[in-house]
Amino acid sequence: MFRNRDFLANRAGKLFIEGVNSETLAEKFSTPLYVYSETRIRSNIQRLKNALQKYIPHHQLYYAVKANSNLSVLSIIRSEGLGADASCIAEVELAKRVRFSQEKILYSGIYHSDTELQQGLQHKVAFNFDALSSALRCLKFGKPPLFSMRVNPGMGDGKFSGLVFAGPEAKFGVEADDAVAAYRAAKKAGVKRFGLHMMTGSGVLNPKYFPAITAKLMEIATRIVKEVGIEFEFIDIGGGLGIPYSPKEKPLPIDWIIKNIAKTFTAAVKKNKLGNPKLMLEPGRYLVGDAGVLLTKVHTLKRMYGKNFVGVDAGMQTLVRPAMYGAYHEILNASDLNQNKKEKVSVVGPACENTDQFAKGRILPKIVEGDLVAILDVGSYGFVMSSQYNNRARPAEILVKGKEARIIRERETLSEIIGKQTLPKYLQK
Ligand code: LLP
């Protein structure tokens, strides 16, 4: 039932998240509720670290802050010694807030504005540019401590078409020619430390993709090293490691993947005399995705035109992935895990959109009004993509560790929905 998610358990039909009864959490903190398992986050990190340590000790593991930027989650990740990949200045600031050292923050903006470039320089963090223009504009303002280009190696992969981040259809990165021009300019401007980066897609479950795309990046690295005469401190192959969302999917063979990435990487470094770069990875989903559960209460059952609808209090504003990508998330009846009777149902939210359906016509164990439902694998791109659409407050977030559950973000209130709006005087009459 829980497949490889060892932090979930069935105790007398109730879903336990680590040592905590999900129904107790729902009663205490109300629903919808995001719950994260600290133990699972740490064990995901450990699994990846072990493989890296085994095959390529000269590595650097970063975490893509955007995947889940709750400060407590970031603190856990920092305490495991990872660096932070920040996609904007706010993420640089969040990383600093939880004491990631400046040296361990990579600022990978997209289509940077001049203001962002200047703020990044003030933060004295390593820069990763995704356009020649941004790199050249930045050099006019100052020298970043480390200069990296995000290349588009001409191919990509991703769970959904919108998650393919490289290749001819993608907006990200630069072609090799622009990368060469950017590194030349940086070298001329006196920059001494360099990295190279790609991020070619997200949610990839094809193990062979990772060594294949690494080989592509190593060709580009070789060209840059030869033509510009610089050495790379790191070569960053990005994130993208997928997790199995549906029971049909299998977890990635991480040991095999790292072994084969390392083989490709090490051989290219040696053959092409690329110096001593670290292999860098910056996953998000792989570290936190399966460690999150969304708890939501069933309020209304309805039968209409032969279909059964299960109305829950989470909606697309709480978890947008199903509405946005058609993403599959496993759904459990957390109140009644031993229920044997099955029914075909659609699990739907309260938002005024017909895409607001977490499952359509799925066979699930019988659910009744008042039950608590758990939507799995929401630790990445869950809360961070939530919104206030339909003027619904964003949910609370809970961190579970053993038998302890701690609130790490309070549920929003009406005043946060109103936010910073002002009503001009003449409209107040
Ligand atoms: N590095 C960069 C520069 C990125 O843009 C991303 C994710 C990552 C690393 C981490 O990728 P991961 O290991 O998590 O695949 N909203 C989508 C996912 C978008 C990913 C955006 N970039 C989803 O819900 O599946």
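Is Leu427 buried, partly exposed or exposed? The legends below begin with this residue.

**View 1. Leu427 and its nonpolar surface patch.** This is a predicted model, in which local features need pLDDT of at least 70, side-chain atom pairs count only at pLDDT 80 or more, and totals for chains, interfaces and linings use all residues. Residues are numbered from 1 along each chain as its sequence is written, and side-chain values use heavy atoms, with hydrogens and water left out. Leu427 counts as partly exposed because its relative accessibility is 48%; buried means under 20% relative accessible area, exposed over 50%, and partly exposed in between (1.4 Å probe, protein chains only). Leu427 belongs to helix α13, residues 425-428; helices (H or I, at least four residues) and strands (E, at least two) are DSSP runs, numbered from the N terminus. Together, Leu423, Tyr426 and Leu427 make a nonpolar surface patch of about 360 Å².

**View 2. The surroundings of the ligand.** The ligand is surrounded by 19 residues, of which the closest are Ser202, Glu282, Arg321, Tyr325 and Tyr381; a residue is included if one of its heavy atoms lies within 4 Å. An oxygen atom of the ligand lies 3.0 Å from a polar side-chain atom of Lys66. A side-chain N or O atom of Asp85 is 3.4 Å from a nitrogen atom of the ligand. From Arg285, a backbone N or O atom lies 2.8 Å from an oxygen atom of the ligand. On its own the ligand has 580 Å² of accessible area, and the protein covers 94% of this. Accessible areas come from the Shrake-Rupley method with a 1.4 Å probe; for residues, only the protein chains shown count as cover.

**View 3. Ser335 and Asn340 in the loop between β15 and β16.** The loop that holds Asn340 runs between β15 (331-333) and β16 (342-348). Asn340 counts as exposed because its relative accessibility is 69%. Ser335, in contrast, counts as buried, at 9% relative accessibility. The side chain of Ser335 reaches the backbone nitrogen of Leu372 at 2.7 Å. Asn340 is 31 residues from Asp371 in sequence, and their C-alpha atoms are 15 Å apart in space.

Conventions: Patches are made of residues with over 30% relative accessible area and no salt bridge: like charges are joined within 9 Å, nonpolar side chains (Val, Leu, Ile, Met, Phe, Trp, Tyr) within 5 Å. A salt bridge is a side-chain nitrogen of Lys or Arg within 4 Å of a carboxyl oxygen of Asp or Glu. A polar contact is a pair of N or O atoms within 3.5 Å; within protein, one must be able to donate a hydrogen and the other to accept it, and residues adjacent in sequence count only if both atoms are side-chain atoms.
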